[in-house]
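Please view the structure alongside the text.

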Amino acid sequence: ARLELLGDILAEKPQEKKAINNALVLSGLPIVDSARIERLQVFIRDKFLDKHGEVVKFSMPTDENGNSLGFALCCFQTDQQALDALTDIQGASLDKMHTLNVFKFSDFNRLADADDEWKPPEKAPFVDRGDLRSWLREDRCHDQFGVLHTAGSVATIYWHWPGDPQPVDSATRNNWTESRLHWSPLGTYLATYHTKGIALWGGEKFEQINRFQHKNVQIIDFSPCERYLVTFSPSVTKEDPHAIKMFEVDTGKMKRSFLHEQAAKWPVFKWSHKGEFFARVQTGKALQVFETPSFSLLDKKSISVQDVQDLSWSPTDNILAYWIAETDNQPARVILMTMPEKREVATKMLFNVADCRMHWHPQGNYLCVRVNRYTKKKLDADNTPKYINIYTNFEVFRMREKNIPVEKIEVTDAVSCFTWEPHGSKFAMVQGIASKGLSVVFYQVNAHDIEKVKVLEKRNVNTISWSPIGQHVVLAGLRSANGGLEFIDTSDMKTTANQEHFGATDIEWDPTGRYVVTTVSFWHVKVDNASHVYSSHGTLLYKLNKLERICQFAWRPRPPTLLSDEQIKNIKKNMKTYSRRFEKEDLQSSTRASKELLEKRARLKTEYEKWRAKLLEKFRGEKQKRLELRGVDTDELDSNAQDFVEETLEFPIKVERIRIDKLPQVAE
Amino acid sequence: QLSQLNQIMKPICLLGHMRSITQVRFNRDGDLIFTCAKDPHPSIWFALNGERLGSLVGHNGAVWCVDCRWDSEKVLTGSADNSAKLWDTETGKCVLSVDTNSAVRSCGFDFAGTSAMLTTDKTMGYKCTILLYDIRQDPAGQPACQMLVPESKITSAVWGPLSRFLITGHENGDLCQMDVRAQKVIRTEKHHKGAINDIRMYKDGTMFVTASKDHTARLIDSYELQLFKTYKTERPVNSADISPLRPHVLLGGGQEAQDVTTSGAHVGKFDAKFFHTVYEEEFARVKGHFGPINSVGFTPDGRGFVTGGEDGFVRLHSFDNDYFDFEFE
């Protein structure tokens, strides 16, 4: 009996942990003598370790003379604390000559066991990916678009031949993606989601270019140059606690990964326009700007900014804009800083600020900061600020002018849907509240002022969609707002067309600004799923409604033009000669199309007649049986005319009522 | 495109039912229209001017199906009151009534007009059943033969050519040829992904059109159930018919009740759609109903068509000259 009891107890004996995940090795430390070792230890703990958790063990080994050896060991109370510390202090600089190199103690053995002899890595075999830009060389410069349909189980890529889109060869695939389709910013790759991670497809035949492992990936982001892919997955484990991973697209290698705790808007890391930097905000504390291709912090440290709230890159320059919340003794500020110099090029103080949002002009010409300001501020029971009488200011930074002057616009109504005109200098927004009637207001940024150029009242609009080349805009009421679409040419502020796509949930311009597509997505509405294609002036060109249960319609983006501004000017000047050539080509292709259509129909007709002939043969063969069953010939409606019975039916055609006042006298 | 057909043709509206229409049928000669609805009284009308001949009184529940014998002498109805009744067309008198275990979903006279087929719903304890009765016997008493349908229940059924077998459409989209007398399934094909709501024979019985919940209608041959054409729409198709005169197919449908959220009574959504039989292209729509269309049919001479809707209305249209001259390039 005692032996059995022992078995139970033995099972409960604490096991030695095989991996020590809460211990870190810090190396790269300066070598100091015994006199200063104590101070160094305190310095290290204070500056790098204590803020990440409780250090239960800390040891700085020394040589026989009491001098430090340049490294230290520390143990945190939990694995998570160790990991946090590792991410944060790795690569941090102590002074000009010393940089911390931190690694997990559990990695130590692996590194120690590495071969003493350096073997050059094996050369990876060259894989010819083919021409990833092949689609841009299409004869007539047609764009492609991807459609996710049949409730998401089939995805097809089409050539957009207006009126008659053709599926690309071998680009209709079942279960190509498990959630949605995502084009890379320059259109080179198509990204698809899978439980295991992301796959990228490209080239003429949409072959698989690369795969990136990230279990249960939920959302992704590309760097604007398409060199890097950032993925996020909420599924984190003890072994792999990093929710955000960054990959190099060409090689497929993971370059860096990050923890992610606080709730935030995606993308968490924002890219500079050339992909040289990416940055995130540590709310209230600092800006973390990383550089590529090293993927380490710029200058090896974060930029400490108290009360910083959010940041945003210029889309065309290495300028980072960020705003700082107001505190009891300091007003809020918006600061523009160049990278990597970290030079402040503009600052704006803002008073009585509840919240800020930054909107960059797509060509980087302006930055508009939308500031929600209040007249009174109260503190709630739990010290959260409550703002009364919120009104909105728009601070417009003129980025291309000397010293970046800032101009202000005030709006008292509630505001939503702020958008800049691409390649232009207008911006638009929806003002007002739904119950009193919404208006769409257009402003123009002139050389010396910002002018309100047009107010369109009583518009049930919740989306303002500009053409990517500017000038044309669609005011749309998507989802619950009944699908009204107003097409406006902002050069003269005239409405070119009013359309309706009832129940439309999404709207997207093609990359050239020629077409607008509205879609009723199966993800939101279960019936009438279709995409409607309009011209830039609002003429309905055709409907994509033969595909069932369309979930997503996505144009393939194009890389920016290789033509210089000078060349574009020349083309516009000589537009007439170009037009003549294109009109001729259009005419040829439309007659070609109808010829193809006629041929197709002729083919279908002959096939059908052949099929019917076979069936009629069977029918005639059964005639005798039919006569037997019914006793008369009923093959045609008049087959048994001799049996017809003529029947006369009388219906009153007209009924007249005549009033008789007096009956004629009856003669006695 | 003939998209404004209904502006030229003025339909005759038959207002005889208080509830949604379930089926509309013509007799072979085309002078009578038979309508049944979710109320217990099917009606018979003159196709010439829409005047009602009378109603058939006797059922106690929704009437799901109706059929007229080839000689127009007799009418067959099937109801949710677990019975099917045979009526005399001229007098409206019920001459035969049979009780079933569950609601009668489809019914039809065979080619000779001597047998009637019924299909019943699958309900508590009772499997979906096909029943054949010899209606020359009086009373009909027991069915001449019956067949249980084990899996997906029958949602629509018609007699095949020469009534050698039944062609049945099922809730799961299956299409079968059933030889009830031999108690076997001759053939099964799966062309549809959703329930088959209606099957209508072409005038010669060599092919038929199916209307399905999967937003399509399909043209299929009766002998081998081979799929030949598919007509795609954006809504579930409740009923379809093939024109006896021109290469046109008529589709009627609408959204499911549970999907009616904001679009509700959005005008124009409940149209009858015309497709070219061979090219599978839609070329016209006729509006008018305030709810989904449940049953459609061409007149036997192909010069008009009738539609019955969820709104209880039956609309009888006559084509104008443009329809007969209209050609695809």
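## A salt bridge in chain B

In this predicted model, B:Glu282 is partly exposed, at 23% relative accessibility. Its salt-bridge partner is B:Arg285, with the closest N and O atoms 2.5 Å apart. B:Arg285 is also partly exposed, with a relative accessible area of 28%.

A network of salt bridges with shared partners links A:Glu622, A:Lys623, A:Arg626, A:Asp633, A:Asp635 and B:Arg164.

## Other salt bridges

Over all chains, the structure holds 35 salt bridges. One of them joins B:Asp198 to B:Arg200, with the closest N and O atoms at 3.4 Å. B:Asp198 is buried, with a relative accessible area of 6%, and B:Arg200 counts as buried at 9%.

In chain A, A:Arg398 pairs with A:Glu401, the closest N and O atoms being 3.3 Å apart. A:Arg398 is buried at 4% relative accessible area, whereas A:Glu401 is partly exposed at 35%.

## An open sheet in chain A

Strands β37, β38, β39 and β40 of chain A form an open antiparallel sheet in that order. β37 (463-466) and β40 (494-500) each have a single partner strand, so one side of each lacks a neighbour in the sheet. From one strand to the next, the twist averages 20°.

Strand β39 (residues 484-489) is joined to β40(A) by six bridges. A:Gly484 stands opposite A:Glu500 in β40(A).

## Chain A overall

Chain A contains seven helices and 45 strands. It has 668 residues, of which 43% count as buried. The accessible surface of chain A is about 39,300 Å², and 50% of this belongs to carbon and sulfur atoms.

Notes:
Residues are numbered from 1 along each chain as its sequence is written. Chains are lettered from A and ligands numbered from 1 in the order in which they are written. This is a predicted model: local features need pLDDT of at least 70, side-chain atom pairs count only at pLDDT 80 or more; totals for chains, interfaces and linings use all residues. Side-chain values use heavy atoms; hydrogens and water are left out. Helices (H or I, at least four residues) and strands (E, at least two) are DSSP runs, numbered from the N terminus. Buried means under 20% relative accessible area, exposed over 50%, partly exposed in between (1.4 Å probe, protein chains only). Accessible areas come from the Shrake-Rupley method with a 1.4 Å probe; for residues, only the protein chains shown count as cover. Two strands pair if DSSP finds at least two bridges between them. Axes are lines fitted to C-alpha atoms, for helices over the stretch in contact, and angles run from 0 to 180 degrees between N-to-C directions. A salt bridge is a side-chain nitrogen of Lys or Arg within 4 Å of a carboxyl oxygen of Asp or Glu.
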